[in-house]
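Visitor: I would like to go through this model with you, one contact at a time. Please give the cut-offs as we go.

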Amino acid sequence: QDKDTKMTEFWLISAPGEKTCQQTWEKLHAATTKNNNLSTNSKFNIPDLKVGTLDVLVGLSDELAKLDAFVEGVVKKVAQYMADVLEDSKDKVQENLLANGGKFLLADLSFEIEKSFKNYSSSLDTVPFLFIFKGVNQIDNDLKARASAYNNLKGNLQNLERKNAGSLLTRSLADIVKKEDFVLDSEYLVTLLVIVPKLNYNDWVKQYETLAEMVVPRSSNVLFEDQDSYLCNVTLFRKAVDDFKHKAREYKFMVRDFQYNEEEMKADKEEMNRLSTDKKKQFGPLVRWLKVNFSEAFIAWIHVKALRVFVESVLRYGLPVNFQAMLLQPNKKTMKKLREVLYDLYKHLDSSAAAIIDATMDIPGLNLSQQEYYPYVYYKIDCNLLEFK
């Protein structure tokens, strides 16, 4: 299959059974595939559910619309969070979650739905609204908790990493300096760390011993360099420190405020290792959880679509229940043509459809701006799950 011609969306439609539902399916399949491959199609079998009164169906139709929006929101949240967690391999997320760009849907989901509807009592009033809502709501809440814990960890680690990167003026020096770079435990002497711009280094070599009184001769070495500066140490008498700092500033030499403290530096390093290990430990289970729960939420979403098709088909085509649901994956380049073919196939279903499509006037009670209207039952399943920022 050419990747670019396939859409990441599916159309779930239904049309009344003709002599048989099989005939409805064959007619659609022939019309969309015979000359030009407009879509890849599969039957989408929705088991018969017991139908209550018209009022109940209309009420269900509204409830299902709300449930659909909620479940779709959770599906997309889980997918988006998966992209955030996988950081470097965002481009793999979509195909990872939707095996083969969503084709698994065509084969498996109809079967999934048939199987699971058998587990519910088959009356529409008690259809698994609560069951679906509770399950997906649980996924939503778990996601919030897990994301919050992982994001905290990631944030703390990033803060520490930031401290260990960046320019010599701001970064942590703990992993750069060694004990032997300092005069420690002296009553009179102290070692300072100075950031010297590379352009001014020659000045430093010439000047540092005379910037204040009581600087120890030849006590300065370059300990580290980044793109722009050198990190140098210098040893002097404690009482000359203020004078030295003041003078150094005039020459653009910046004295870093730094006390050599082995305990603190060790603690920082250990914290960094701990966070890094924690993040690695949580990563695998989190990705597995996201995969499993994406799949759960996605199947729940398709269930809701199936229920919507069922309710809408009964409301439109009447009783006894007799319709065929079909799943189409349109080809990107011929979507307009596919719409025309479907319209020709099904315009007879709805005498007002012709008027609606040609009408410029407002038809009371029909708000076309809110939803697309077609003479056949139609729901879009948009599998483009990620909005890359």
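Guide: Let us begin with a definition: a salt bridge is a side-chain nitrogen of Lys or Arg within 4 Å of a carboxyl oxygen of Asp or Glu. The model is predicted, so local features need pLDDT of at least 70 and side-chain atom pairs count only at pLDDT 80 or more, while totals for chains, interfaces and linings use all residues. Residues are numbered from 1 along each chain as its sequence is written, and side-chain values use heavy atoms, with hydrogens and water left out.

Visitor: How many salt bridges does a search of the whole structure find?
Guide: Side chains of opposite charge can pair when their charged atoms come close. With the cut-off of 4 Å, a search of the whole structure gives a total of 20.

Visitor: Which parts does the salt bridge between glutamate 87 and lysine 154 tie together, and how many residues apart are they in sequence?
Guide: The two side chains meet at 3.4 Å, N to O. Glutamate 87 lies in the loop between helix H2 (54–85) and helix H3 (90–97), whereas lysine 154 lies in helix H5 (residues 129–163); helices are DSSP runs of H or I with at least four residues, strands are runs of E with at least two, and both are numbered from the N terminus. The pair therefore ties together parts whose separation in sequence is 67 residues.

Visitor: In which helix do glutamate 312 and arginine 316 both lie?
Guide: These two residues form a salt bridge, with the closest N and O atoms 3.7 Å apart. Glutamate 312 counts as buried at 18% relative accessibility, while arginine 316 is partly exposed at 29%. They are four residues apart, about one turn of the helix, and the helix that holds both is H8.

Visitor: How many residues apart in sequence are the parts that tryptophan 11 and tyrosine 378 tie together?
Guide: Rings of Phe, Tyr and Trp (its six-membered ring) pair if their centres lie within 6.5 Å, and planes under 30 degrees apart count as stacked, over 60 as edge-to-face and the rest as tilted. The structure holds 15 aromatic pairs, and one of them joins tryptophan 11 to tyrosine 378 edge-to-face, at 5.8 Å centre to centre and 85 degrees between the planes. Tryptophan 11 lies in strand S1 (residues 9–16) and tyrosine 378 in strand S8 (residues 377–382), so the parts tied together are apart in sequence by 367 residues.

Notes:
Buried means under 20% relative accessible area, exposed over 50%, partly exposed in between (1.4 Å probe, protein chains only).
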